[in-house]
Amino acid sequence: MEIPDMASLKLQSRPEMFDFEGISMTHFFTDNWEKLKNFQARPDDILIATYPKAGTTWVSYILDLLYFGNDDLERQTSKPIYMRIPCLEACFQEFSTVTGTEMADNLPTSPRLIKTHLPVQFVPKSFWEQNSRIVYVARNAKDNAVSYFHFDRMNMVQPDPGDWNSFIEKFMKGKNVFGPWYDHVSGWWEKKQTYSNLLYLFYEDLVEDTGREVERLSSFLGLSTSVEEREKITKGVQFDAMKQNNMTNHVNLPFMDFKISPFMRKGKVGDWKCHFTVAQNEQFDEVYKQKMKKTTVRFRTEI
Ligand code: PPS
């Protein structure tokens with residue numbers, strides 16, 4: 001994928017959001033739908049699935065280092081993470097002639113690492129048929145909402161979030177790209193009960209003890225990594241290291257305005273406390289109770 005500079009972008013304005021089979025989407029993620037639905041997964045593919053802003057890049061980089069950290073220096077020094085691990089549903093024709101499915105098809109590695117933000121019901125059926133491994137990462141709703149708000153502010157290929165008050169109202173109604181957070185995390189949680197090749201991770205656990213989660217990932221993937229390797233990876237994927245690393249901080253993406261907010265913003269659990277008013281928090285908790293009453297998945301909003 002060639003990345004153009006801002007001046008050559010054909011993007012005139014932010015995209016509209018519309019209802020797509022019950023989920024709010026933009027055309028960037030639905031334009032390639034037929035190819036997406038028919039995407040051919042392989043048994044050794046690893047799908048990294050998340051609601052946006054739940055820790056996708058973090059876990060992607062951990063997996064990348066677990067598999068390819070030792071043997072491919074060029075990959076680590078000159079290929080941004082979004083090129084190593086394509087977003088399957090992405091179709092940014094304004095910027096690139098290559099779609100997410102084509103990028104995935106063209107991946108030279110084995111295994112292929114592929115990312116998606118799709119709710120579970122939209123995942124191409126070949127992943128289930130091939131019994132591919134899937135790593136899902138979930139983040140508590142409050143911090144996830146805050147992170148998504150700042151992302152939508154700085155990312156010109158996302159709908160305009162408006163101010164925080166209107167954004168949080170929309171979030172509670174599930175009117176964000178990729179749909180309601182509530183259904184996303186609980187839909188994937190239900191899937192885990194019947195699909196054993198799915199590892200369900202929490203962002204809060206990653207912050208609490210990254211090394212422990214690296215070990216958990218390594219064991220889920222059946223890798224025999226040494227303690228030293230895992231320690232090296234754990235060090236390399238700390239927030240400050242990834243923020244400094246131009247291969248992981250997204251600094252080269254021309255449609256992101258880093259003057260508004262950085263991609264690697266704070267990386268914390270509990271930042272929501274700096275955004276929610278007392279009234280908003282009470283209302284949010286009320287809505288949360290309703291929306292999450294049928295699921296057993298539990299989150300921590302502080303550690
Ligand atoms: S995206 O656009 O959906 O792929 O974004 P995603 O990578 O899922 O989420 C971005 C948020 O994850 C934080 N992040 C990290 N936190 C802690 N440690 C590390 N290493 C790390 N890497 C990414 C990133 O800062 C975004 O969260 P916020 O709260 O906005 O800082």
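Trainee: To get us going, how far from an oxygen atom of the ligand does a backbone N or O atom of alanine 54 lie?

Mentor: Before anything else, keep in mind that this is a predicted model. For alanine 54, the distance from a backbone N or O atom to an oxygen atom of the ligand is 3.2 Å. The protein covers 98% of the 640 Å² of accessible area that the ligand has on its own.

Side chains get involved too. Threonine 56 has a polar side-chain atom 2.4 Å from an oxygen atom of the ligand. With arginine 265, a polar side-chain atom lies 2.8 Å from a ligand oxygen.

Now step back to the whole shell. The ligand is surrounded by 22 residues, and the closest are Thr56, Thr57, Ser147, Tyr203 and Lys266. Three helices, α2 (56-68), α7 (141-154) and α13 (239-244), supply at least two shell residues each. The largest share is three residues, and it comes from α2.

Strand β3 (residues 46-50) runs parallel to β4, with four bridges pairing them. One of the links to look for is isoleucine 46, whose bridge partner in β4 is leucine 113. In a regular strand, side chains alternate between the two faces of the sheet. You can follow β4 (residues 113-116) with that in mind: Leu113 and Lys115 point one way, Ile114 and Thr116 point the other way, and all are buried.

Two loop threonines are worth a stop as well. Threonine 26 sits in the loop between β2 (23-25) and α1 (33-37). Its relative accessibility is 0%, so threonine 26 counts as buried. Leaving out residues up to four places away in sequence, threonine 26 touches Pro15, Glu16, Met17, Phe18, Pro159 and Val177.

Threonine 99 is in another loop, the one between α4 (81-84) and α5 (100-105). Threonine 99 counts as buried because its relative accessibility is 9%, and the cut-off for buried is under 20%. The side chain of threonine 99 makes a polar contact of 3.1 Å with the side chain of threonine 101. Setting aside neighbours within four places in sequence, threonine 99 is in contact with Asn32, Ala90 and Cys91.

Technical notes
Residues are numbered from 1 along each chain as its sequence is written. This is a predicted model: local features need pLDDT of at least 70, side-chain atom pairs count only at pLDDT 80 or more; totals for chains, interfaces and linings use all residues. Side-chain values use heavy atoms; hydrogens and water are left out. A residue is near a molecule or strand if one of its heavy atoms lies within 4 Å of it. A polar contact is a pair of N or O atoms within 3.5 Å; within protein, one must be able to donate a hydrogen and the other to accept it, and residues adjacent in sequence count only if both atoms are side-chain atoms. Accessible areas come from the Shrake-Rupley method with a 1.4 Å probe; for residues, only the protein chains shown count as cover. Buried means under 20% relative accessible area, exposed over 50%, partly exposed in between (1.4 Å probe, protein chains only). Two strands pair if DSSP finds at least two bridges between them. Contact means heavy atoms within 4.5 Å.
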